[in-house]
Amino acid sequence: MNRTLKWWQSCQVYQVYPKSFLDTTGSGTGDLNGITAKLDYLKTLGTGAVWLTPVYPSPMVDNGYDIADYEGIDPSYGTMADMERLIAEAKKRDIRIVMDLVFNHSSDQHPWFLQSKKDRTNPKADWYIWRDAKPDGSAPTNWRSIFGGSAWTWCEERQQYYLHTFAPQQPDLNWANPEVRQALYHAANFWLDKGVGGFRIDAIVYIKKPAFVDGQPDSTDGLVDIHAMTANTTGILDYLHEFKKNVFDGHDIFTVGEANGVPPEDLDKWVGEKGVFSMLFEFSHMDLQFPGGAEVWCHAKPWPLTALKKALSASQAATAENGWYPIFFENHDQPRCINHFMPEGADRTLAAKAMATVLLTLRGTPFIFEGQEIGMANVKWGSIECYNDISSHGQYKRALAEGHTEAMALDAVHKFSRDNARTPMQWSRSTHAGFTKGLPWLPVEHDRNWTVEVEAEDENSVLSYYRRLAKLRKGIEALTAGDYVELLPSDESIYAFRRTVGAEATVTIVNFTGEEVSYDDNLVKGMKLLTDSYPAAAQEDEEPGKLRPYEAVVYMTQEAEKTFSKEAECV
Ligand code: GLC
């Protein structure tokens with residue numbers, strides 16, 4: 001293994017959901033100047049790159065994932081000058097800004113689509129996926145869009161249907177048309193010229209369309225999940241290699257593709273020397289509750305800890321020699337990790353620290369989603385009307401259509417709504433937790449104990465723990481460059497692994513249950529305790545071979561201790 005790490009392999013990436021990060025104008029939604037104002041804060045978490053979910057002009061049907069201009073800034077976020085200032089201020093702190101490229105689809109308000117839909121002969125007539133109706137007038141195929149309902153919408157002007165993998169306001173671009181591809185590469189290069197440090201590439205597995213044929217219906221609506229029909233179609237990698245050549249090659253950036261459904265065994269075609277991207281977000285460890293693959297929230301099933309460990313170890317194995325792994329337990333589409341991975345009722349601080357320990361000691365680049373570092377938790381609102389997230393509404397409707405009661409449908413929304421991740425960031429003890437001086441676009445948690453201000457004053461808080469782990473990661477080579485070996489693979493309570501580089505090693509051991517558990521203390525024989533998630537006063541009772549409820553410990557060898565400088569600073 002080549003142990004010389006690139007800049008993006010030895011730092012944390014912090015994901016900002018700009019609408020919910022910090023509002024500097026009183027509008028109730030966050031903005032770019034709010035991000036610039038918090039760069040020093042982000043640095044204390046070892047942040048080397050900030051991934052912004054889309055900030056382009058957008059009607060915001062899907063909160064910016066419906067883009068109306070790939071080379072602009074939405075006025076609600078500020079101006080291009082604000083963006084340039086953010087990039088420059090970040091650079092001063094050795095932080096790169098990473099943009100989200102949403103190239104599978106645009107907004108239906110993008111000038112390209114407005115022109116394309118006019119008639120069948122205009123110069124952009126073929127920029128989207130248009131098809132005639134079936135002889136009976138129905139949609140060309142029975143595919144169900146990811147947000148629910150048919151993936152085809154009728155257009156009066158053209159007397160044809162257009163395809164949308166997501167909402168009707170997000171028409172799919174036609175990658176088979178070389179002009180479309182060039183226009184998209186132009187947009188990406190526009191941002192490289194502005195000095196961005198990389199890209200997260202949205203929903204990329206859908207860009208190559210297969211034959212337009214019906215599938216076997218998978219529900220009472222007679223439709224079939226579009227993902228099952230169109231994801232990772234043969235030939236997709238040809239487009240992606242062209243994309244790489246025209247945009248990524250020759251730049252000191254990283255790229256991470258959102259690639260739901262690419263199995264770990266195929267990763268080498270997507271990442272690394274022969275692949276396209278630096279990293280790939282695959283969801284094998286995130287979707288354990290949907291064993292059939294389709295993310296139907298009301299069908300969620302419980303899963304054992306061994307399933308999570310197996311998924312993580314498979315991804316580690318797949319990227320051990322080739323490519324690199326983006327470690328993540330949260331993003332703007334997922335529930336909060338303490339709710340997702342820990343039992344209901346688990347102590348919030350300990351649960352958050354346990355997840356932090358895994359996140360920051362696994363092999364790969366850790367992605368921290370805003371608020372994860374202060375232990376933000378899921379919300380539970382009283383009715384579906386309270387939810388903003390478009391997919392929550394689609395999933396709710398589907399649950400009712402399948403015969404679930406309103407209470408069951410809402411319960412699934414509570415667990416999986418994307419709004420769980422999108423409530424405003426909790427900064428301080430002030431009104432609306434310091435997020436805005438206006439009215440926040442989504443409600444803010446009432447308990448002010450879960451804020452940056454309060455947690456920064458407490459050495460035992462989740463935030464202080466993240467900061468400590470960031471320093472350890474910087475000071476101990478095994479935690480970045482080390483190999484990964486899973487320990488105790490069949491244990492249903494403990495996740496344990498060893499990271500080794502040369503004679504240096506660390507061992508992470510995390511209790512995922514509310515019970516005291518034990519393990520063979522030979523695992524850490526001759527090693528020294530590096531960190532413990534329990535409060536400082538309780539750490540004296542730490543005992544090799546035993547873990548208290550939700551306790552997370554990391555041990556290191558004497559060699560690691562020798563090279564570890566306690567002064568290691570991440571600021
Ligand atoms: C990705 C994004 C998600 C968005 C969808 C459509 O999955 O992460 O937020 O709704 O693509 O662009």
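## The ligand and its surroundings

In this predicted model, the ligand is surrounded by 13 residues, a residue being near a molecule when one of its heavy atoms lies within 4 Å of it. The closest are Asp62, Asp202, Glu258, His332 and Asp333. By residue class, the shell divides into seven charged, three polar and three nonpolar members. In this scheme Asp, Glu, Lys and Arg are charged; Ala, Val, Leu, Ile, Met, Phe, Trp, Tyr, Cys and Pro are nonpolar; the others, Gly among them, are polar.

For Glu258, an N or O atom of the side chain is 2.8 Å from a ligand oxygen. For Asp202, the distance from a polar side-chain atom to an oxygen of the ligand is 2.9 Å. A polar side-chain atom of Arg418 likewise lies 2.9 Å from a ligand oxygen. The ligand taken alone exposes 310 Å², and the protein buries 95% of that; these areas come from the Shrake-Rupley method with a 1.4 Å probe.

## Basis of the model

Residues are numbered from 1 along each chain as its sequence is written, and side-chain values use heavy atoms, with hydrogens and water left out. Because the model is predicted, local features need pLDDT of at least 70 and side-chain atom pairs count only at pLDDT 80 or more, whereas totals for chains, interfaces and linings use all residues.

## Cysteines

A disulfide is a covalent bond between the sulfur atoms of two cysteines. The criterion applied here is a pair of cysteine sulfur atoms within 2.5 Å, and the structure holds zero disulfides. Cys386 is in no disulfide, and the nearest cysteine sulfur, that of Cys298, is 20 Å away.

Cys386 is partly exposed, with 38% relative accessibility, while Cys155 is buried at 5%. Buried means under 20% relative accessible area, exposed means over 50%, and partly exposed lies in between (1.4 Å probe, protein chains only).

## Positive phi angles in loops

Asn63 is not a glycine, yet its phi is positive, at about 45°. Asn63 occupies the loop between β2 (47-52) and α3 (80-92); helices (H or I, at least four residues) and strands (E, at least two) are DSSP runs, numbered from the N terminus. With a relative accessible area of 6%, Asn63 is buried.

Tyr550, also not a glycine, has a positive phi of about 55°. The loop that holds Tyr550 runs between β19 (546-547) and β20 (552-556). Tyr550 is buried, at 9% relative accessibility.

Conventions
Polar contact = N/O pair within 3.5 Å; in protein donor to acceptor, adjacent residues only side chain to side chain.
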